[in-house]
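Hi,

Here is the structure I promised to pass on. Have a look at it first, and then read my notes below.

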Amino acid sequence: MKRILNIKPSRFSALCLGLLPLLICVVIYMIASDLRLEANPNDKLLPSFSQMGEAWSRMALTPNVRTGEYIFWVDTWSSLQRLLLGMLIAASVGLLIGLLTGALPLMGATFSPLITVLSLIPPLALLPILFIVFGLGELSKVALIAIGITPFIARDIQRRTQEIPIEQLIKAQTLGANTAQVLIRVLLPQLMPKLLDAVRLSLGAGWLFLIAAEAIASTDGLGYRIFLVRRYMSMDVILPYVAWITCLAFILDQVLALLSRKLFPWHVKGGH
Amino acid sequence: MITAKNIWKRYNDQVVLERINISVNEGEFVTLVGASGCGKSTFLKMLLGIESPSTGDLLLDNQPIRTEPDSDRGIVFQHYSVFPHMTVLENVMAARAFARKGFSGYLFGQAKRDARTAALEILEQVGLSHAITRYPHELSGGMRQRLAIAQALLGKPRILLLDEPFGALDPGIRADMHQLVLDLWRTYKLTVFMVTHDLKEGFYLGTRLWVFDKVRHDPQAPSAYGATITYDLPIGKIDTSLYEQIDNQLRPVIIPDEPSMETPTHD
């Protein structure tokens, strides 16, 4: 008998093993839901899958009586817009700050302490200030995501910049490169895959800020909807929405991973 | 071309180099050997401009040498000498791009075509024309060093600095690389400084051998004295007994690479 330490599942059995816990969760939910609905058909806490399906098709496939919109898709579109815009701003600003502070010691000495202090502020505590300054519109929600994530990306990129071997910078200089050329031709391309990694890592925080901002002040969006229907205990709407948010997060993550592999074939572990 | 006048290098109260007085003419091939930590790499870094002497003067054409890297001095390191995000061809073409004034370091139009021609030519010379579309992580150690050399040469340096460039290579490949470096040195009429810890390599290559070693020892304060150049030998005029004498000096212990030899004996 091999040590359990050395037993590795095959690809197929690894897939089955991975699906097993998910399947068990679904089965447990179905049993619990059936039990509750049997005792009280009007129970709202654990809706059955068919009830959730009905609620979802009401939101996604039938136009709203009052506005004629498909609420589910409108919510998705608004939320994604806010999230992607906020992430885009955070990634661009973070990359710029990280590159400059990481590569130029003068910039690093000047701005590193400030970035450290800013990154320690809990972004959600800034939300009231953002609402006061930018109003309750789109800007304050995008600003929350951008402000919350920029310091993380900036610090990560700064560290990644400093990790690039000094030999490469010296080599470029011995070939006659000036500062701008080293930044743009040597450092920046090598930081792009790191930036995608940093964005992937901070997407979770991005969703958090998005849903928090939408819950507090909004008229549409995935986060707004689940907090709205909470008043009616509509678990049949909340659960599909949560599943959909999870699904979106997964897709975004995978798209970024794919982009990183396709765009930067030279970016492999251990390569130099 | 290069003159060192009484150079000392200290880090805090640790003396690394002392009393370095040498002068080197254009076209010489100098190999620097010595035990590890004897300051030969420090001296190379001074030539490169990333370290400067604590006291004394290091002159290039009677002017103090610039204290940052520039295109006068090319360099090949043991590792990390090439850009991992560029293909072989792009790596060499980048040398041309960096040589031009500009903001981005990218080439366009005619300049790009010229750089491509020059890059292909030099890749042919170092024997890499079959691998121009590969990325550095797909190359062997020897090929990567060939690439680094090609890149450095296209920068048209007057002085080529080699910091243990073949230290990580297999002996067979090393011999090929020696031949390549000697050929290029003759073709391009370079002045070469090469750091190595392989004494044989130092004797075989080049026109001049420097041995770095400590002449003064204070057992109470091992860092009070630095290393200096104990031998400055023209190659080709040395007999075997001297070789053995230097060899013994550099490696007084018969068994090298024994980890226990390096651990401190007393606290």
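First, a word on terms: helices (H or I, at least four residues) and strands (E, at least two) are DSSP runs, numbered from the N terminus. This is a predicted model, in which local features need pLDDT of at least 70 and side-chain atom pairs count only at pLDDT 80 or more, while totals for chains, interfaces and linings use all residues. Residues are numbered from 1 along each chain as its sequence is written, and chains are lettered from A and ligands numbered from 1 in the order in which they are written.

Let's start with chain A. It has 10 helices and zero strands, so its radius of gyration (taken over C-alpha atoms) can be set against the globule rule, 2.2 Å times the number of residues to the power 0.38. Chain A comes out at 24 Å, well over the 19 Å that the rule gives for 272 residues, so it is more spread out than a compact globule. Its C-alpha trace spans about 80 × 65 × 30 Å along the principal axes. Of the 272 residues, 32% are buried, meaning that 20 or more other C-beta atoms, placed from the backbone, lie within 10 Å of the residue's own.

The entry lists "domain: ABC transmembrane type-1" at residues 76–260 of chain A. That span is 88% helix and 0% strand, with its end C-alpha atoms 25 Å apart. Residues 83–107 are 96% helix, and their end C-alpha atoms lie 30 Å apart. For residues 114–133 the figures are 90% helix, 0% strand and 22 Å between the end C-alpha atoms.

Now for where the chains meet. The contact (C-beta atoms, placed from the backbone, within 7 Å) takes 29 residues from chain B and 22 residues from chain A. On the chain B side, β6 (73–76) and α2 (88–99) each supply at least two residues. α2(B) gives the most, with five.

How far to trust it? The model scores ipTM 0.84 and pTM 0.85. Over residues 253–267 of chain B, though, pLDDT stays under 50. Where pLDDT is low, the predicted coordinates should not be read in detail.

Cheers

Methods:
UniProt positions are given in the numbering used here, feature names are shortened, and annotations may be inferred rather than shown by experiment. pLDDT is the predictor's confidence in each residue, from 0 to 100. Two residues are in contact if their C-beta atoms, placed from the backbone, lie within 7 Å. A residue is buried if 20 or more other C-beta atoms lie within 10 Å of its own, exposed if 12 or fewer, and partly exposed in between; C-beta atoms are placed from the backbone.
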